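Trainee: Could we go through this model together? I would like to know what stands behind each label.

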Amino acid sequence: MKRVAVLSACFALSLVSCGEQVSEIRIGEYGSMTGSRATFGTSTHRGILMAVDEVNAVGGIEGVPLRLISEDDQGRPEEAATAVNKLISQDRVVCVLGEVASSASLAAAPIAQKAGVPLITPASTNERVTQTGDYIFRVCYIDPFQGQVMARFAANSLRLTRAAILRDLRNDYSIGLAEVFKSTFSSLGGEIASDQSYQEGDTDFRAFLTTILATEPQAIFVPGYYTEVGLIARQARDLGFTGPLLGGDGWASPSLIGIGGPALEGCYFGNHYATDDPSPLVQDFITRYRDQYRETPDSFAALGYDAARLLIHALKKIQREDAKTFEALQGSEDPDDETRAQAMARLRDAIAEVRDFPGVTGSISIDENRNAVKPIVVLQIKDADLRLVERIAP
Ligand code: PHE
């Protein structure tokens, strides 16, 4: 575990105020800043940081600045648990943001739940993540919704009757999504011709694909992450498959098309947002993000931004309605355990009460299971770019 970006506001101020503690609200973030899924963590971090910077630029929340403390878990579930433990017990953060990968969130969420500290995952879509307990939230849709949408899209929009599945054996996200696709597609009268599994890190998928192609599917559903998806697409074309590959949000990375190239032309996947969405909210976000980071925000950045903004929205509500709790959430107070626990419970309630929040990834309402009810977009890869095909309301 490596600390990557600790804003040293506390340290700098403590020099002038001779050790006096500063009023601030500490927010924790953990993610894969390095390793094979580094774009997951670094893009999310940029989105979160942008939201935090925007608030601090106007004086924080009624004069109280936010401090973001970020931890790198290298994309490993065990490290994710260690990182969240440290953020909570050592840094005493009021809320934890992360992770992207469901397997990492599933490893870390029980720690936040046990400590009674709210955790908001920006991007983990596996249904079980928020079932960990009443302190665990998300701002993305869940896989039962995403899997149903993609199965309906295959059956109704593409009029397919025979599909195969190629899933990632040890990835909770991939397994969950594969199961929902399978049951929905079957319930719509479709047939699952073959269901094969690979393991993250595999680079040669030809044996699985040969088995799949022998069953003559019209499409292959690949609920994995983009690195493997890109390679699978290329090898499927090499073996002569001409139908579409279908997938979910795990495809969403600027690296996808770089890896898969022309092999991905005509393929479809479900995603959290579309950069060609004309809504001013989305376009303003893209412009400001480009100004700051010189690149177009991907879905991790957009979801990280929304997770942080939703938290800030809840904190502002507490500041307006409950001065005592707002004080207890500030680092300077160092409240006793009971006061702190009550403040955390109040913050949890404020997050749970969020409805119709205008996110850049769509309007977000938190439901009774602490999941975000929001639309999904289906994108098609066309001329090496992403094109919005359908937007489906929850
Ligand atoms: N939804 C994926 C998961 O839960 C993570 C992910 C989100 C991957 C967005 C890519 C883009 O594991």
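**Cysteines, salt bridges and a helix pair**

Mentor: Happy to! Let us begin with C140: its sulfur is 14 Å from the closest cysteine sulfur, in C95, which is too far for a bond. A disulfide is a pair of cysteine sulfur atoms within 2.5 Å, and the structure holds 0 disulfides. Keep in mind that this is a predicted model, in which local features need pLDDT of at least 70 and side-chain atom pairs count only at pLDDT 80 or more, while totals for chains, interfaces and linings use all residues. Residues are numbered from 1 along each chain as its sequence is written, and side-chain values use heavy atoms, with hydrogens and water left out.

Trainee: What makes C140 buried or exposed?

Mentor: Buried means under 20% relative accessible area, exposed over 50%, and partly exposed in between (1.4 Å probe, protein chains only). C140 has a relative accessible area of 0%, so C140 is buried. C267 has 0% too and is buried.

Trainee: Why is the pair of K182 and D195 called a salt bridge?

Mentor: The term asks for a side-chain nitrogen of Lys or Arg within 4 Å of a carboxyl oxygen of Asp or Glu. For K182 and D195 the N to O distance is 2.9 Å, so the pair meets that cut-off. K182 lies in helix 7 (residues 172-187) and D195 in strand 8 (residues 191-198), so the pair ties together parts that are 13 residues apart in sequence. Helices (H or I, at least four residues) and strands (E, at least two) are DSSP runs, numbered from the N terminus.

Trainee: How do you know whether K182 and D195 are buried or partly exposed?

Mentor: K182 has 29% relative accessibility, so K182 counts as partly exposed. D195, at 26%, also counts as partly exposed. Both belong to a network of salt bridges that links R167, E179, K182 and D195.

Trainee: What does the salt bridge of E321 and R346 tie together?

Mentor: Here the N to O distance is 3.2 Å. E321 lies in helix 12 and R346 in helix 14 (residues 337-352), so the pair ties together parts that are 25 residues apart in sequence. R346 has a relative accessible area of 18%, so R346 is buried.

Trainee: Why is helix 11 called roughly perpendicular to helix 12?

Mentor: The axes of helix 11 (residues 280-293) and helix 12 (residues 299-321) come within 12 Å and cross at roughly 105°. That makes the two helices roughly perpendicular, because angles of 65 to 115 degrees count as such, under 35 as roughly parallel, over 145 as roughly antiparallel and the rest as oblique.

Key:
Axes are lines fitted to C-alpha atoms, for helices over the stretch in contact, and angles run from 0 to 180 degrees between N-to-C directions.
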